[in-house]
Amino acid sequence: NRMEGATTRSERLADPNRLWSRDVVTHELLQLDLSASGGQPVRVIGPPPDLEPGIPYEPALGGRYLYDSPFATRDGRVRLWDLSSIPGAEPRELKRAGDWYFAQFTLHPNGDWAVATTHDSQELTFWPLRPPAAIVVDGYPRSIWLRPVVFTPDGNWLATYWEPTGRLWPLPGTPSRQIRDLDLPSMGGLPRRLQTTIDPAGERAFVASFGNDVLLVPLDGGKSTQLSGLAGYTLVVQGAFSPSGRLAAAGTFRRNPRSDGSVDPASELRVWNLETGADRAFDLPPSVDQPGGEEATATTERPVYSVAFADESTLYTAGETGVLRWDLEAGTHERIVEVQPGQEAQLWQGADPQRLITAMVDYSNDDCGPFVLHDLAVGQSQELATFAACPDLQTGTGDRALAFDDALSVIAVGRPDGTLWVGRIGGGPPHVMFGHE
């Protein structure tokens, strides 16, 4: 006696034994199976959290979508919630000026089109729903610190920071629709995290920050652990996992002075064995514009910006010392990409560990050199034509964020105006995507 019968506005379901109804007390949508004893609901859908009280909502395409009733709002729009999208995503608004009095609305069965009766039911208005619009989740906090986002290797989840900790978001197509909270403590109210790297198995993340706050974070929501060995005032930009996930590595980027003006020892490379808990430090060579010898080892900074494993015993680092290839078993290194005085090397690695992209940042004139693709297997290098300007942590110039696909053929950059530019390297003009206010 609490159920409202299916109306002409409710969609027909493919199974003739099922229909939509509504609980008149809770306003929940109920999908009923009339072949079952008592007509028990097989699915219950509550109202979207951002729907105004008293506004009815209807299901579409078997409950994949919800939409608010346009004849109830009469504000020249209908809002469409995709329940298969990221939880908490804002609805898509389909608008058109004109009288929507007693408007009717429906979706094409294949999900490509939406249609409504508008202009006092004198016109039909169609909206294409392909390609999909940007998915926007409101509430992401602004911060003076970098706030990276990273996909899990299987592409099913997205890891982000979210006050006061971190979150793992299920992406469209992922069976689970439950957001996971990650154990990511903030530092003095600011989650000062510079980069997040997820291991190949998609089980844990290396979260870079200051040396006393470099964390290993389980993606199942378990408690995070601090990686030991780094001095507390050294800054770490990026970490890396070996292909098996057994090893993790990071290099220090900058030493910040303590309150008494003293600083921690010079930059270093550190590798952790995550199975045994042991760690090992490697001294970095002097920067190209620094004097060599023992004095340089003790007093000069040799910042590491990027790290990447080639295999379980080979590691690449990039920074003011150029791009180095390390033999972790022998404890030796060789410089495979040179830098000029005042420059810093940055690198990106794809799925093939023998292919790297590098770029040079020149601090003397805030210039970012060209992107160069290195095929280490054959010893060839090729300068790439691209629209991007690599980001610079020290000066704040260049694009705000930059990423390559696994094949190192597509580049995506985030611009200061909130746009996202995506295009093929050397393959014509990029797509410009809008979606951030």
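Strands (E, at least two residues) and helices (H or I, at least four) are taken here as DSSP runs, numbered from the N terminus, and two strands count as paired if DSSP finds at least two bridges between them. The model is a predicted one, in which local features need pLDDT of at least 70 and side-chain atom pairs count only at pLDDT 80 or more, while totals for chains, interfaces and linings use all residues. Residues are numbered from 1 along each chain as its sequence is written, and side-chain values use heavy atoms, with hydrogens and water left out.

Strand β14, spanning residues 165-170, is joined to β15 in the antiparallel sense over 3 bridges. Within this pair, Arg167 stands opposite Asp181 of β15. In general, the strands of a sheet pair through backbone hydrogen bonds, either parallel or antiparallel.

The loop between β10 (113-118) and β11 holds His119 and also Ser121. Most residues other than glycine have a negative phi. His119, however, has a positive phi near 55°, and Ser121 likewise has a positive value, of about 60°. On the accessibility scale (buried under 20% relative accessible area, exposed over 50%, partly exposed in between; 1.4 Å probe, protein chains only), His119 is partly exposed at 23%. Ser121 is partly exposed too, with 43%.

Strand β11 itself covers residues 123-128 and includes Phe126. Together with Trp113 and Leu124, Phe126 forms a nonpolar surface patch with about 350 Å² of accessible area in total. Such patches are made of residues with over 30% relative accessible area and no salt bridge, nonpolar side chains (Val, Leu, Ile, Met, Phe, Trp, Tyr) being joined within 5 Å and like charges within 9 Å. Areas come from the Shrake-Rupley method with a 1.4 Å probe, only the protein chains shown counting as cover for residues; a salt bridge is a side-chain nitrogen of Lys or Arg within 4 Å of a carboxyl oxygen of Asp or Glu.

Ser242 is buried, at 0% relative accessible area. Leaving aside residues up to four places away in sequence, Ser242 touches Pro200, Leu247, Phe309 and Glu312, where contact means heavy atoms within 4.5 Å. The side chains of Ser242 and Glu312 also make a polar contact at 3.1 Å. A polar contact is a pair of N or O atoms within 3.5 Å; within protein, one must be able to donate a hydrogen and the other to accept it, and residues adjacent in sequence count only if both atoms are side-chain atoms.
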